[in-house]
Every structure is written in C-alpha cells, then in structure tokens.
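Please keep the model at hand while reading.

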Amino acid sequence: MLHRPPAGGLTEPPPGRGGELAALTARAASARTGHAQAVLIGGPSGIGKTRLLRALIDDQAARGVRTLYAACGREPAARRAPSAYEGLPEGISGEICEGIPGGISAGAPGDIPVGIPGCVPVGISGGAAAPYGAVRALFGPLGLTGTGRSPLLRGGAHHALPALAPGADTTATPPHQVLHGLYRLAGNLMADRPLTLVLDDAHHADEHSLRWLDFLLRRAEHHLPLLVVLAHRPEAEPVAGAALAAACAPHRTTLLPLGPLGEAEAAELARRILGTPVAPAFAAHLTEASGGNPRTLTHALRTLRAEGAAPDEHGARRAAELCAAMTATTTRRRLGHQPGWVRDVATAVAVLGEDEPQRVAALAGVTTALAEDALTALRRAGLVAPGRAALTDAATRAAVLAPLTEPELTALRTRAVLLLSDAGRPAEDIAEHVLRLPGPVPPWMAATLRDAAARAAARGAHKTAARYLHAVLRAEPDDLSARTELARALAEINPEEALPLIEETLALRTDPRTKAAVAAQYGLTCLALRRVPTAVRVLDEAVAAFAAETGPDAGPADRELTALLESVLLLAGTVRRETIAAVRDRAARMTLPHGDTPAQRQKAAMMSILTALDGRSAARTVLQARRALRSPAAEPGGWAAFAAAFPLALADEVDDALGALDRVLMHGQEYGEARVYTLALAARSLMLHGIGAIPDALADARTAVGLTAEEDQCAELMMPHIVLATSLVDHAEPRRAEEALARVEPGDLDGHVLEQPAYLMARARARRGLGDHEGALALLFACGDALAAAGVANAVLHPWWVHAVRQLTALGRTGEAREIAGRWTGPARSWGTPRALGLAAHALAVTTPGPEGVVLHTEAVEWLAGSPARVEHARAEYHLGRALLAAGDQPAAREHLRTAVGLARQCGALALAEAARGGLVTAGGRMRKATGCRTDLLTRTERKVAALARAGASNREIAEALFVTVRTVEMHLTGVYRKLGVGDRAALASALPPEAPPEPPAGMPTVAYGRPARAVR
C-alpha cells in the first residue's frame, strides 16, 4: 500500500509547528534554486520531529522534488503508509520516500518504478550503524545493483555500488572512490529535478554515511539543488558524534530546535482530534499534564475520543490521568533498563529539582563522578533535560517518585532540606522543600520560612510570601511578627482575608511602635476595601497615641513612623467627603517634610494633593509634589510617586507627572502589583487625554479595563471604565462611552471626592454627544455640587463649569452662563496656570457677543496655545473661528477653523475635528472629512509597529526591535488594523502613506505616550 502525497500545496502543518515548517520550506525553496541547504532538527522523543518531516516530504512531493527518507535504528514496521494528516503512526520504522510524480523512464533495468510517489517501509534496524548503513537505507529502493545498466550510474556513479550492496566489502574500494561515486549518484539524481535527503534519528547513523553527507554538502553548497534534513535527539549519545558534528557544520546548517507545545497549540491539536473547539482551561490542563509533548497529547486525545469523553472538566481530569499513566509507563520502562544507582540518582533529582551534581550525589548516596555518569545516562534515556540536572517535566518527576512510600519520601525530603541548608542555599530554595514536608515544621525551619517570606515580599511575590507565613503560623501560632507580615502580604492579594488578621493583631497588647506599624497597614487595607471612615478613625487614634508615647523628643525612627501614620491618614481621609474636611484641617497644621525618607515623601505627596484640591496655589502644590519625588533613582516607584503625579498634572507639569507614573508602572509590573499598575494606567490615560494624546489615552484605558476583568485585585476598580468613557467621547464614540459607564454602579461612588465627579463629568459629556442637552446639563450641575460638597475649589479639576457655560449658551440661557463664568474666573486666576487662565477667558468669551467676545476668544487661544491642553486649544480656535465668522471676517475665520481641524485630528478628537470642519465649510473653506481610519489616530508605538510590519518584519522581529513581547506586538497590530480599516498585513502598504506619519503638534510634551501597557501576572 503506497502513500500518495497531495497533488499540490502544503499538508496542514502539525499544531504549533507552522513556524518550523515554514522555515523548512524556505530552506527547501532556496535549495531548489541551486543553493544547497542543510537543516538539523533537534528535540526529545515524541516532540514531533518525524511528523514535521512528513509534512516537509508531502510538500516536496507536491512540488515535484525527488525525496529520499530513512530512519536510523528503528525496527521494521508493517507495510502500510503513514497518514499525511496525522503523522507517522507509532512504531513505523525506516522508510524510503520517493516523491517523484511520474518517475523516470519506464522499463529500463534499475530505473525507479513509474508511479511510486509515496513511501515503501523498509526496516534498517541494525544496519544503519554498519558502514554506509544510512546511505544504503536512503538509496536502497532505487534498485541499483552491479547488473543492468541504470542511467543513474553514469559518470563514475558506479563506484558507489560497494556502499549500496548489503554486506559488501567497502574496504575493497578506495574510500575516496566510494565518496565520489555516491556524490556522482546524487548529482545524477539532481540532473532533472531537485533532491531532498531526509535522515531521521540521525544520532543512530553510522560514521561512513555522515562523512559522505559532509563530503556532499561541501561540494554542493553553491551549485546543486540539494536539501539535506537531519533529525536527532540532542540528549542521546550519537553513534558517530564527530562525524555528525562535521556534517552539521554551523556555517552551512540551519538549526531548528523543537520545544514543547504551548496551550494554543494543544488547543489546536485537541480541535483536530476531537473535532470540536476546546476551552482555554481544558487546553491548559492538557499542556500541564503532558508537558507539551505531542506524542503524549495525541495518545490522551485519541483515547478521549475513543471513550466519547467531552472536553470538559471531567475530560480534563481523564486526560491528566492518561498523560500521567503514559508518562509513568514510559518512565518506568526507561528506568527499568538502568542499574539501581542510576535510579537512585533519578530519585534524588526528582526530590531536589535542578541542583549541582555534588548535592544530587550526596542525596543519592553515590560519588559525584557516578552521579554525573547517571545524569548522562538519564539524558540519553530522555528523562533528564539536555544540558541541565533536572527532569524533563513535572509528569516525569511524579512518575519517578511514585514507587516511594510516604515515610521514604519524607526521609528523602528532610535530608534534602538539611543538605540545602548546610550548603547555604537561598532561603526561598529551601522553603519550597520545607513546605513539602508533612506536619508542623520544626523551629529552625520556621526561621528559614520567615526569611524566605521576607525575600519573596521584597520582590513583590506576595502570594508566595503568604504561603510561607501560613506555614510559620501553623507551627508558631503566637508569632506576632509572622502574623503582621502575613497580614501585609495578604493585604496585597486578598484584603478581605487580611483585615481580620490585622484587627486581631491590633487588639493584642504590643509595644507602641509595632501597634503604629500595624495601624498603618490597617488603614491601607481598609482603603482597598473602601472602608474609609473606619480607617480614618483608627489612624487618627493611632497618630494621637503614638505622639503621646514618643513625645517631642522622638528619634529618627519614631519620626519616620509618625510620618507614615500621617501620610496614610491623609490618603484615607482624602477619599470621601465626610472625612476630607478633618484631614484638610490636620494637613494645614503640618510642616512640609523635606522628603528625605520614604514616609516623608508619602506625606509630602498627600499634602500636595490637598493643596491642589484647594486650588489656591499651583506653585505651592508643585513644591510639595516635587518633595515627594526626591527619592533616589534606584528607589522603585510607589504610591508616593503615584499621588504626586496628580497635583503635578493639574499644575501643567505634565512631563514630571507622566515620568512619575512611568516609575509606578515599572514598579507595578516588576513586582506584580496588579492593582497599583491598573490605577496608574487609568491615571496616565486621564493625563494623556488632558494633553490631547487621545489615541494613547484610549490604549491605556483599554488595557486598564482589561485588567479589571483579568485580575481579581482589580475587579472592583471603577476609574478605568470612567477614563475610557472620557476618551471615547472625544473620539466621537459617545454610545460606546455610555456602554463603558454602564459597568459602573453610581451608588458605589456616592461621597467619593474624585471618582464621583469624574463619573458625572464623563456621563454628562456622553449625553451631550448623543444630543441630550438637558440631561447633560443636569449631570454637569451634579458634578459641580459633588465637588462643592467636598470643598474642592480647583478650577481645572473636572472643569464642569466650562462645559456648563457652553451648554447653557447653546440653549440660549446666556445670563446663567455668564454668572457661572464670572464666578469661576477668580478661582481660575488664583490657580494661575495657562490652562486655567485660558479656560476662564474661553468661558467669558462664549457668553460675550461681538468684538469684545472676539478679543476674549483671542486671549483664550493665546493662553491655551502655551499650555499642554491641546484639545482645549483646538476648541478655543474653533470658537474663535465661529466668532470671526459671525463678525463677517471669513478669511480670518477660515484660518482659525483650519487650525482647529488640524489640531483636533492630530489629537484624535474626532468629534471636535468634524465640528470644526463643518464650520470651515460654512466659512467657504475646503477640507476632507475626518475619519477614524487614518494614521493620525495611531499611537506612537502603533505607528512604529505598523511601519515595521509594512517593511516585512515578523512579529518576533518587531518585538525584538521595540523591546516588547510578541503578544504586545499582536495587540498593537490588532489596533492598527481596526483604526486603519484593514484586515491583514498585506493591506498595510496601501493604508499607510509612504511618508513618515505626522508627529504631534509643536509644544506637546515629548513623553513615551505609546509605551505598551502589559498585564501583570
């Protein structure tokens, strides 16, 4: 039975191997042009090397390429053809594949039979290691013997016959004649079409055959259409290592390592075998259970299909059982062939994990030399990873440990802990072994766990720290320091669980300093749970008690602890209306700290926020905020930097504000603090929106909203949805803005100093965009009332009054509009920034008709042009253009309206751009209609990604060029396709103009707006 490859095109590549198959076919295409190529495929047993070779063979056959295939060192298989779509069945052996659709000429002795485009299985076990065994396996089906006259033996190729005849004496012919004869034979095979030689399990190949392949490649490199593909197991000891290395010389060989399949590839394999898509969770279970080994995965999936199991939770458990059983069977079989001391080393590696051979030897009870020999033997058996002293995967580790009884395993693990401790290994390495021991841990082990927890918390691994500290408390329930540290770790990942623990600690009779530190943690935990009044009460009592305890002569450590308590008190009290008045009074009596310590910087940051909310002095606010940023460059960004960014942005110090948030984002990403990271993204989105970088603001907001769905710590955060809606309104998407706001429960925001007004403002602007003018006005007044109730007098924080003035004027209620504009002129001038002064002039101008109004509009444009508020500048230009048009000065009106359109489009403010374009047309000007599918809507990073993709760079190449992940590149490309209205890379060339995309307008701060925002895990 012969396998016939498809008539043309590629066989569907094995799941997860599309890139490798593309690399192979690219090398094959180069070979067909006369540039000989060699490829070495490496990977452990079952990783899919043979299946990948089958896909290549099918491709070569479809292209009319002569293909010879042999597998070294396998037993003969049944005479049946492998499936091109499911890979070679297990157990199939050496095969010679002659991919010649039509063969050569019929009838001549020694010719290749006509119409054999497939594969004939031929056992070559035992023969591949004999001289020229692999060569004989490759060329055997050609039927070349000393009798008959085959055109393939012309030109000296007959000197190859001693290497092709089984059992022939190759020593009777000079070696160089045999090599040249085989070279001529290969040349004859390439006379009418390209040639591909495929040698599977090349580590079993004999030295003579590999030397000939080296000989062939050196001579064919620049003029023959030849592709040589070798597959091997790197962990296996080759029969002829030096010859294999020479044949695969790096300067002419492409190395193609095959790794385990990921979750996406496992899902695709499951879809193919089960015939239905599977959920990501099912694919994750499959990948973990199989270690990503395609053979193990295929076995489990085919068994599930045969049993009629569904890809659900039960199916995942059954698949895990099947994978574990297969791995255990394979592991037992491979270990069964090893002596006892090798099995002991395997057990030691399973207990220790990856470690030095000396400790593996000590745990196994053998010498270091024997341990290294055992590791080599285990690598050859495919149980230990190449180049490492670790088992290949968790399933193999479980299989190695399975025969041990519980007492035996406990004794081994205890010895492992002692060995690691004596060797001075890091506490976290030892702690993982301690946690595997049954029962309570001994006191000395508890100390190790405390040390490991401190190290884990310092690098942001709070969940790991909590695991260690839980074990400490099980052994020592009265350990107050462990209880405090556990509460601190839990507060980062599960505040609900942390709060009772902190309350219990506060109720204990402890020294004042411990109690003060615990009170500060209590305040932060209550803040995460939105229990603000309780936090303020406890912190207020703690500040008073600690001050009474330490007195006026407190030392530096006590002063630092006082600053910490006060900073947390200010932070908690600023959140809600019912507490902000009290903390504002307390802050007014505080002395501004120098910012020399972390707690001082946190206190200065909170004082700057309260000063900013008062709206009286931008200069004083900036002074306080910069004290908060006086940290050393090496100090990671924390909530002091986060808090300082807010007042700096209000004071138009945008570069410093965004720089502070970048530090917070880097800190949150590095230490896995999802909540901090998400809030910082939302804050940066709001700032970017405020300076007219709307596409970048949208990118940050969408990432933040995505994190609220992915991270449990962020699920209750509302600000990401609010800032997303804020940018969507200016992006001419008010309906989607309302959809974003629908995810916010308004009742949860009642009394919030900052979030409630932000929500009301965003909703008002969305209603205005949808044509509900009265509804928008009511929401704007509600926003003003909320700010007034909190005592917020800053004119540029949620400037509802500017929007209300415009809305009232549009409704013909000019008197009310003029009264509001006049009332807020004073606070705007008190704050004194160009943005505040420009907004005040703009509000007065909107309510003032005639020449006086034109003067005021001109003043607003001049102020806002000098501020970072690009969208407000564009809006002021638009209103000035309209005022000039009403005054009959059409040329001047067109100039300002055209400027407004350009600024608005560069900012991504599509709604304003279209309104300004309409005014320009009315004034007799011309301009194309604004659209969202233009390059000026792309973020800076999206522009870079799009340009590289258009130039032909792969996703991986783009990721390396921009120092981001491939997933980030995919995310940006998706945004590019959506904004440009194209479906794939091929359409980018026509969608992107050949010239460089436009830069932001002059004066826009040069910060990293387009920096990709990555999720933390």
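The model discussed here is a predicted one. Is T331 buried or exposed? Its relative accessibility is 3%, and because burial is assigned under 20%, T331 counts as buried. Leaving aside residues up to four places away in sequence, T331 touches L383, T396, A399 and V400.

Helix α11 also takes part in a helix pair. Its partner is helix α9, residues 280-290, and the two axes come within 9 Å and cross at roughly 15°. Angles under 35 degrees count as roughly parallel, and α9 and α11 are therefore roughly parallel to each other. The crossing of α9 past α11 is right-handed. On the α9 side, the contact is made by F282, H285, L286, A289 and S290, while α11 contributes G315, A316, A319, A320 and C323. Sorted by class, this contact of α9 with α11 holds seven nonpolar and three polar residues, with no charged residues.

One of the α11 residues in that contact is C323. C323 has a relative accessible area of 0% and is therefore buried. Another cysteine, C714, is likewise buried, with a relative accessible area of 0%. How many disulfides does the model contain? A disulfide requires a pair of cysteine sulfur atoms within 2.5 Å, and by this rule the count is zero.

At the scale of the protein, there are 46 helices and seven strands. The protein has 1017 residues, of which buried residues make up 54%. Considering contacts between residues at least 6 apart in sequence, 68% of them join residues at least 24 apart.

Helix α17 covers residues 427-435 and helix α18 covers residues 443-458; their axes come within 8 Å and cross at roughly 125°. Why is this pair described as oblique? The class roughly perpendicular ends at 115 degrees and roughly antiparallel begins over 145, so the roughly 125° crossing makes α17 and α18 oblique to each other. The crossing of α17 and α18 is left-handed. The residues that meet are A427, E428, I430, A431, V434 and L435 in α17, and M445, T448, L449, D451, A452, R455 and A456 in α18. By class, the contact of α17 with α18 comprises nine nonpolar residues, one polar residue and three charged residues.

Y468 extends this picture to a further helix. Y468 is found in α19, residues 462-475, and it is buried, with a relative accessible area of 1%. Beyond residues up to four places away in sequence, Y468 touches E428, A431, E432, L435, L449, A452 and A453. Among these, E428, A431 and L435 of α17, together with L449 and A452 of α18, also take part in the contact between those two helices. The C-alpha atoms of Y468 and A446 are separated by 8.7 Å, although these residues lie 22 residues apart along the chain.

Attention now turns to residues in loops. L529 lies in the loop between α22 (512-528) and α23 (532-550). The relative accessible area of L529 is 18%, and because the limit for burial is under 20%, L529 is classed as buried. Not counting residues up to four places away in sequence, L529 touches P495, E496 and L499.

D201 is found between β5 (195-200) and α6 (207-220), and D201 has a positive phi of about 50° although it is not a glycine. At 12% relative accessibility, D201 counts as buried. D652 is found in the loop between α28 (639-650) and α29 (654-670). The phi of D652 is near 70°, again a positive value in a residue other than glycine. With 15% relative accessibility, D652 counts as buried.

Methods:
Residues are numbered from 1 along each chain as its sequence is written. This is a predicted model: local features need pLDDT of at least 70, side-chain atom pairs count only at pLDDT 80 or more; totals for chains, interfaces and linings use all residues. Side-chain values use heavy atoms; hydrogens and water are left out. Buried means under 20% relative accessible area, exposed over 50%, partly exposed in between (1.4 Å probe, protein chains only). Axes are lines fitted to C-alpha atoms, for helices over the stretch in contact, and angles run from 0 to 180 degrees between N-to-C directions. Helices (H or I, at least four residues) and strands (E, at least two) are DSSP runs, numbered from the N terminus. Angles under 35 degrees count as roughly parallel, over 145 as roughly antiparallel, 65 to 115 as roughly perpendicular and the rest as oblique. A crossing is left-handed if the near helix is turned anticlockwise from the far one by less than a right angle, and right-handed if clockwise. Contact means heavy atoms within 4.5 Å. Ala, Val, Leu, Ile, Met, Phe, Trp, Tyr, Cys and Pro count as nonpolar, Asp, Glu, Lys and Arg as charged, and the others, Gly among them, as polar.
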